[in-house]
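Please walk me through this structure.

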Amino acid sequence: FFRPARPLPFSLSSIVMSHAVLPHHNKAQWSLAVGLLLKPKFDSTQALENAFTRFFGAEFSLFGLESALHELEAIQGRNDFIERTLPFIQQQALRIPEVFDDRNSLPLLRKHTPSTVEIPREAVVCLLSGAFFCLYPGYQPEMPQFNWGTLLQRGCVLLPAMLHYFDRVQESSPVGVIRLTRKVLESFPAWTESRKPLSSLVMKSGSIEDDHGALQADFANKYIGGGVLCGCRAQEETRFAVSTECLVSLLVSPVMADHEAVVIAGAERFSAYSGYHRGFKWTGPYADPHKDIHDQPLTQIVAFDALEPGYSQWTREAKLRELNKAYVAFLGSTEDPSPLPPVATGNWGCGAFGGDTHLKGVIQWLAASQAGRGVNFYSFGNAEIEHNLKILAQCLESQPAVTVGTVAADLLMWEGAQPEQLIPFLLGKYGSMPKSKVCSVC
């Protein structure tokens, strides 16, 4: 078994109120898990399914696991999960009490408290192995679900990518740490009074996760990870599946408040894919190029949640909420380089949450400008938003007198009944309409 390269960078003395509940904390349950799931040698998925059924005292199908293994076999040309990968996952899960002993418990990123936890990537392998075997409590107030049971039983197109993670870390032990930070906005900008200049707004093609060096947006649920372990396949879920180490954030991050965001630094991307949502398809391994000379991944992902369906996004209160949420997400820290790298973002909150793409685009531009970042905007093929934001940026960036406060005041005042009129309204406020007219082609 591997051991962490250095002592875990947290201890019981650093815990003020709460810490993660780990499988071995319930000694009776842990003993049962060791005997039924972690120590036996299984020769088939049916034998593993029978062990899960005995462990839970109820029928436990592995239909989802078997479907994912067929998908992996179709692409890799082999299926050695039972003989090779499963024993490795068992070994890593068995190491949880050793890695997280009484001196090295795992503190939560508590609500309303700016805090950081660093977890060695080798230890993350152990924690996710326990999640595969569904060894964590099934429900904890204000915490995301961490067990993989729903995926193993019902299946999901994301599961092959998550299983591929175990193959990769078995081949080469991961180096470095995952750094998780809860950012809390303790004072709100006076948006209408801001004299900050508008930063660059650049329209991009491709994917956010390919924008190496930028702060990469995770269009999050307030419960980080969203439905990644329940079969959902939106932007956040896809990112967490292909950058599987992101899943450890579910174990230590209680629900986010309106003035909070969570940064995940150091998570490697392991999987390539094509398509999106129902069309997602795992296409094989991915070699993450964004690492330092010690093989530590350098990617920074920020999780920030938009207003959920059922709220009117056009009220002043709602727009202020979104401005402050995006602002805390995009704020830098004393450890960040200067100038700050741009944020790679896009249609935040505009899928299942039903947000307006133009409104959310302008809000993110203002928030990034206030935080001192440029914006690399990925429209994901939405020609309308790409065209309209581009001409808005061309118009406003040429006018130094137009500041964050100028646009914020007009945005907060505007309560148009027709959302498609937002961009023409802003263009009309700041001079002549560009030759390239606003379009509504989508």
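The tour below goes from the sheet to the helices and then to some local details.

This is a predicted model, in which local features need pLDDT of at least 70 and side-chain atom pairs count only at pLDDT 80 or more, while totals for chains, interfaces and linings use all residues. Residues are numbered from 1 along each chain as its sequence is written, and side-chain values use heavy atoms, with hydrogens and water left out.

Start with the sheet. Helices (H or I, at least four residues) and strands (E, at least two) are DSSP runs, numbered from the N terminus. Two strands pair if DSSP finds at least two bridges between them. Strands of a sheet pair through backbone hydrogen bonds, either parallel or antiparallel. Here eight strands form an open sheet with mixed pairing, in the order 1-2-5-8-4-9-10-3. Strand 1 and strand 3 stand at the edges with a single partner strand each, so one side of each is left without a neighbour in the sheet. From one strand to the next, the twist averages 25 degrees. Such angles run from 0 to 180 degrees between N-to-C directions, and axes are lines fitted to C-alpha atoms, for helices over the stretch in contact.

Look inside the sheet. Strand 5 (residues 260–265) pairs with strand 8 (residues 300–305) in the antiparallel sense, over four bridges. V262 has A303 in strand 8 as its bridge partner. Helix 12 packs on the sheet and touches strand 3, strand 8, strand 9 and strand 10. Contact means heavy atoms within 4.5 Å. The direction of helix 12 makes about 160 degrees with that of strand 10. Helix 13 (residues 383–397) lies across strand 3 and strand 10, at about 155 degrees to strand 3.

Next comes a hairpin. Strand 6 (residues 271–274) and strand 7 (residues 281–285) pair in the antiparallel sense over four bridges. S274 stands opposite K281. Six residues lie between the two strands, and G275 in the turn has a positive phi of about 75 degrees.

Now follow helix 12 to its helix neighbours. Helix 11 (residues 316–330) packs against helix 12 (residues 357–371) at an angle of about 45 degrees, with their axes 8 Å apart. That makes helix 11 oblique to helix 12. Angles under 35 degrees count as roughly parallel, over 145 as roughly antiparallel, 65 to 115 as roughly perpendicular and the rest as oblique. The residues in contact include L323 and F330 of helix 11 and I363 and A367 of helix 12. They divide into 10 nonpolar, two polar and three charged. Ala, Val, Leu, Ile, Met, Phe, Trp, Tyr, Cys and Pro count as nonpolar, Asp, Glu, Lys and Arg as charged, and the others, Gly among them, as polar.

Helix 15 (residues 422–429) also packs against helix 12, at about 45 degrees and with axes 9 Å apart. H358, L359 and V362 of helix 12 meet L422, I423 and L426 of helix 15. This contact has five nonpolar, one polar and no charged residues.

Finish with the details. A salt bridge is a side-chain nitrogen of Lys or Arg within 4 Å of a carboxyl oxygen of Asp or Glu. The count comes to 22 salt bridges. One of them joins E142 and K111, whose closest N and O atoms are 3.4 Å apart. Both residues lie in loops, so the pair ties together parts that are 31 residues apart in sequence. The peptide bond from S338 to P339 is cis, with omega near -5 degrees. P339 sits in the loop between helix 11 and strand 9.
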